[in-house]
Amino acid sequence: ASAGVEVDTITCNAALSACEKGGQWAQALKLLDQMSSDGVVSDTITFNATVSACAKGGEWHKALRLLADMASDYVELNSITFAAAVSACEKGGQWVEA
């Protein structure tokens with residue numbers, strides 16, 4: 001890692017949270033993919049931030065895909081996960097999906 005910063009789940013989650021707050025859903029998805037490629041473990045916080053970023057960007061289908069990924073990767077889904085997914089569906093006008 002450059003500048004002595006260790007790339008781990010915590011630092012990646014901080015970056016994903018920044019992406020979510022800045023509405024950078026595409027960057028959040030890229031970072032999530034990079035984490036996987038680099039062998040960095042994704043956790044509930046990782047996915048929650050990414051689902052929220054997708055929700056803010058109106059990318060409801062990507063948010064729902066992340067829920068499926070969480071389940072297949074045995075990552076715990078919680079109330080924050082579901083609230084973000086419902087928010088994504090709401091913003092996308094996908095009431096049936098919600």
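The expected span of a helix is 1.5 Å times one less than its number of residues. In this predicted model, helix 3 has 13 residues and covers 18 Å from its first C-alpha to its last, close to the 18 Å expected. Eleven of those 13 residues are buried, so helix 3 is largely enclosed by the rest of the structure. As for the ends, Asp43 caps the N-terminal one, with a side-chain oxygen 3.1 Å from the backbone nitrogen of Ile45. After helix 3 comes Gly58, with a positive phi near 75°.

Helix 5 (residues 79–91) also gets a look. Its 13 residues reach 18 Å between the first and last C-alpha, close to the 18 Å expected at 1.5 Å a residue. Buried here are Thr81, Ala84, Ala85, Ser87, Ala88 and Cys89, and what covers them includes helix 3 (44–56) and helix 4 (60–72). At the start of helix 5, Asn78 puts a side-chain oxygen within 3.0 Å of the backbone nitrogen of Ile80. Following helix 5 is Gly93, whose phi is positive, near 70°.

Then there is the pairing of helix 1 (residues 9–21) with helix 2 (residues 25–38): their axes come within 9 Å and cross at roughly 165°. That angle makes helix 1 roughly antiparallel to helix 2. Cys12, Ala15, Leu16 and Cys19 make the contact from helix 1, and Gln27, Ala28, Leu31, Leu32 and Met35 from helix 2. The crossing of helix 1 and helix 2 is left-handed.

Methods. Residues numbered from 1 in each chain as written. Predicted model: local features only at pLDDT ≥ 70, side-chain atom pairs only at ≥ 80, totals over all residues. Heavy atoms only, no water. Helix = DSSP H or I, 4+ residues; strand = E, 2+ residues; numbered from the N terminus. Buried < 20%, exposed > 50% of the residue type's maximum accessible area, 1.4 Å probe, protein only. Contact = heavy atoms within 4.5 Å. Polar contact = N/O pair within 3.5 Å; in protein donor to acceptor, adjacent residues only side chain to side chain. Axes fitted to C-alpha atoms, helices over the stretch in contact; angles between N-to-C directions. Parallel < 35°, antiparallel > 145°, perpendicular 65-115°, else oblique. Left-handed = near helix turned anticlockwise from the far one by under 90°.
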